[in-house]
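Here's a quick tour for anyone opening this one up for the first time. Have a look at the picture, then read on.

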Amino acid sequence: MTLLEIENLTHYFGGLKAVCNLNLRLDGSELMGLIGPNGAGKTTVFNLMSGFYRPMEGEIRFLGRSIRGLRPHEVTTLGIARTFQNIRLWNSLSVFENICISQHCQLGYGFFHSVLRTPGFVRSERRVKKRTEELIDLLGLRHYAPEFPKNLPYGLQRRVEIGRALALRPKLLLLDEPAAGMNPGEVDELIETIRWIRDEFKLTICLIEHHMRVVMNVCERIKVLDFGETIAEGRPDEIRLNPRVIEAYLGDEEPADARGN
Amino acid sequence: MRNYGSILSYATLCALAVAAAKLGILNAYIQLILMYIGINIILSVSLNLVNGYMGEFSVGHAGFMAVGAYVTSILNVWLFTESPVFGPPLLSPFSAVFLFPATLLAGGVAAAVVGLLVAVPSFKTRGDYLAIITLAVNYIVKSSIENIQPIGGARGFMGMRNVIGSMQAVLNLPWNLIWVFICVGATVWIIQRLVNSTYGKGIIALRDDEIAAEIMGVNTRRMKIVAFMLSSGLAGVAGGLFAHVLGYINPGTFTIMKSTEVLVMVYLGGMGSLSGSVLSAIALTIALEVFRPLQLVKWVVLPLLLILLMIFRPEGIMGHRELTDVFPKLRSWLPPKEGRI
Amino acid sequence: MFLETVLQNLLNALQWGSFYALIALGYTMVYGVLLLINFAHGDIFMVGAYAGFFVASLLLGQYTGFLPSLPHALIFGLTVAITMIITSGVGVAIERVAYRPLRRKGASRLYVVITAFMCGLILENGNLAVLGASRRSFPQLLANTAHSVAGVAFTDIKVLVILTTILVFVLLETIVRKTKLGMAMRAISCDRMAVPLMGIPMDAVIVFTFILGSSLAGLAGVLFATAYPVLDPYMGAIVGWKAFIAAVLGGIGEIRGAIAGGFLLGFVEIFVAAFCPSTLRDLIAFSILLIFLSIKPTGIFGVARATKI
């Protein structure tokens, strides 16, 4: 069954068309990349998919169900999780607590249970902690669990953000520039991690990225945006040779990055 | 179990204090101070939930106190006493002893509903604009009460002493003191439990980054409603207690000045620190008593102190920490905090 | 007959709203530049009224025996000028002593707001403690001749207040849109970080903003005391809060907003008072505020700042 279907999505900011007639289709367990110059509308697409913006025209259907008009946390309960371009971790809470809290919509208990500490509450908390512990171990964050995110190096913070998103057991994971600010070593790790996440958790990943090495080595399919419009879509080897893409984004000079080096 | 140790010790201390009061060891003045401290603790802790844990700027806490004070007092006087306003009591005066917690709760619930007036606008507005709305609600409550002539309007309302009197006729104990102790314990217990659960920590996530919280699945609107209603509800309970301690209330008590007192307590103790709010409530109540001879000048000295605090130690006494962070040995004695490894 | 009542109330509303507008201007300018609600501002209005009282009494020769007898109009002018200087001084002093250290430390806005609140309290209660609770009466300096046109009664003072406010509005718009300092003020309200990097002296611009705002509050204080000669230490509190509401109603940070909000609130209060018992006046005014802010949280002229993620 089609996981995500976007039809003729259009969104404006004032007079500026941020996204124009976007069509996208994602099936299960895919690794999709969204690339394009700055201002092309990529993050706007993610924001529309998360429910943060309400699309002006067009439809977004997740698992057959339209998400138009749903509030962001409701979209999340359906199974879409994401990370952010600028890291948005909760800095008064430890790494452990950050990952616990993203399971908020799956707690299954409310105010009275948390005050009265009913058996339902105890079971729920135990389940949340267990899943958090698993993720922390899987992502190699055990040593940093009691730390506050702002004390951690950038690369680790990104990993915590990914962990936070994974805690929701999403069906679709949106990664917004996960390699931003990373050195080459960290980028290699990231490529491995993303592939591993897809295999281990059997989910679909859609990522926005400027680091061509990550895009070419990770994504199975790439969509290129420019000024809100799709200018190309296809496999990595097709995209890197596409003249329109080279002109708009990859550059006319010897495209060293485009070769995936 | 660790949990019960602290509850037992608190209960024992309170029982001792009540016994001392009954035996006359603690005179009326000390009892009054203890009750003021208790009421201020409830006010401070409840406001800290919204201003500290949730990071909002609510400046109208006295409005909710007023709602609780009036609702509880009116119910009690109407049901249990002979009064010029309502006539003979509807129920036997002796039942006041058992039903007092019910009327207190009713005051709290009424205040919680009024808290919705602030909670709903908070969905769209934050920060400065929300501060104005809380201010407006405080004024609206006070103005409304002033305009309701049957309950005394601006002149005030009284009769609560008779309620306490009928309670003492059944069993001669310092009931005000007892109920203050019970409510303080309940307040701290509720808030502590809420904030240490994953559910309650959603409130802190809301403060740190509301957008991220909403997108990561926290139902921010529901959390705001819970926090505001709980906060105002507890303030209402504090108001009900306050009314019976004084025996007389009027709208002029519940102005921005009273709200400011509570604000000072919260920021003095440290936003987001439960033990901080408790400590600062105690400290400030005692300070206000000590400075009482200075009269008006105390309202110059106190703001000055707070300004100095803002400049040199804005995080207050405890900052974001709790007593258990400063004195780790206490940890074995107090209930455990979930999530800290 | 009904038309006359409406016109009469309209005029009263313009005058009453003028005070709110003048004070709201100070709130809005400081907010636009510092993103700070200067809660002490309403009390600067009170300081203006009291300062005017003392200056006027001094010039009238009530404290010294030997001052020459000056024409009252001149005394009025001098009082206004000197009071505006005094209130600017108070405003700048508060900025220097209380807000600037916090700004330097990069303290969260919340702490500065609390400090502002406390400064206001100190001014009010300091006044009460030093000068006592007895109300004072502002000396009458202007002949308050009443006129009547088409059945609508108005006095010289009413006209003066309204004209002054319009003049101030024109002046401020000119300053903000045509001068370099005004441009700097607008720049700061758009992006605080970039401004010092561009070589604009932030502190100087901020001090200028406070001077402007506080002197207008002082002006409002003297005018208010002239129109309603009874002074009391808490007058700044309630009028100040209402002016703040006016600023928010109009859209805080916008000068047109302060004027619009001030007059709007003036209209609401006067018309409510004309048709409802006066005790309900505050209640209805605040309720209208609540409803309005729920519908349009940014006020009449306010611009919503969109968050980008």
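## Before we start

Two strands count as paired if DSSP finds at least two bridges between them. Keep in mind that this is a predicted model.

## The sheet in chain A

In chain A, 6 strands come together as an open sheet with mixed pairing, and their order is 6-7-8-3-9-10. Strand 6 (80–82) and strand 10 (229–234) of chain A sit at the edges, each pairing on one side only. On average, neighbouring strands of this sheet are turned by 20° against each other, direction ignored.

Now for one of the pairs. Strand 3 (residues 31–35) and strand 8 (residues 204–208) of chain A run parallel and are joined by 4 bridges. Opposite A:Gly33 you'll find A:Leu207, which belongs to strand 8 of chain A.

## A helix on the sheet

Helix 10 (residues 243–250) of chain A packs on this sheet. Helix 10 of chain A touches strand 3, strand 9 (221–226) and strand 10 of chain A, and its direction makes about 125° with that of strand 10 of chain A.

## Where chain B meets chain C

Over to another part of the model: the contact between chains B and C takes 29 residues from chain B and 33 residues from chain C. On the chain B side, helix 5 (127–147), helix 11 (256–269) and helix 13 (298–312) each supply at least two residues.

Which helix of chain B gives the most to the side that touches chain C? That's helix 5 of chain B, with 11 residues. As for the make-up of the chain B side, its residues divide into 21 nonpolar, 5 polar and 3 charged.

Methods:
Residues are numbered from 1 along each chain as its sequence is written. Chains are lettered from A and ligands numbered from 1 in the order in which they are written. This is a predicted model: local features need pLDDT of at least 70, side-chain atom pairs count only at pLDDT 80 or more; totals for chains, interfaces and linings use all residues. Two residues are in contact if their C-beta atoms, placed from the backbone, lie within 7 Å. Ala, Val, Leu, Ile, Met, Phe, Trp, Tyr, Cys and Pro count as nonpolar, Asp, Glu, Lys and Arg as charged, and the others, Gly among them, as polar. Axes are lines fitted to C-alpha atoms, for helices over the stretch in contact, and angles run from 0 to 180 degrees between N-to-C directions.
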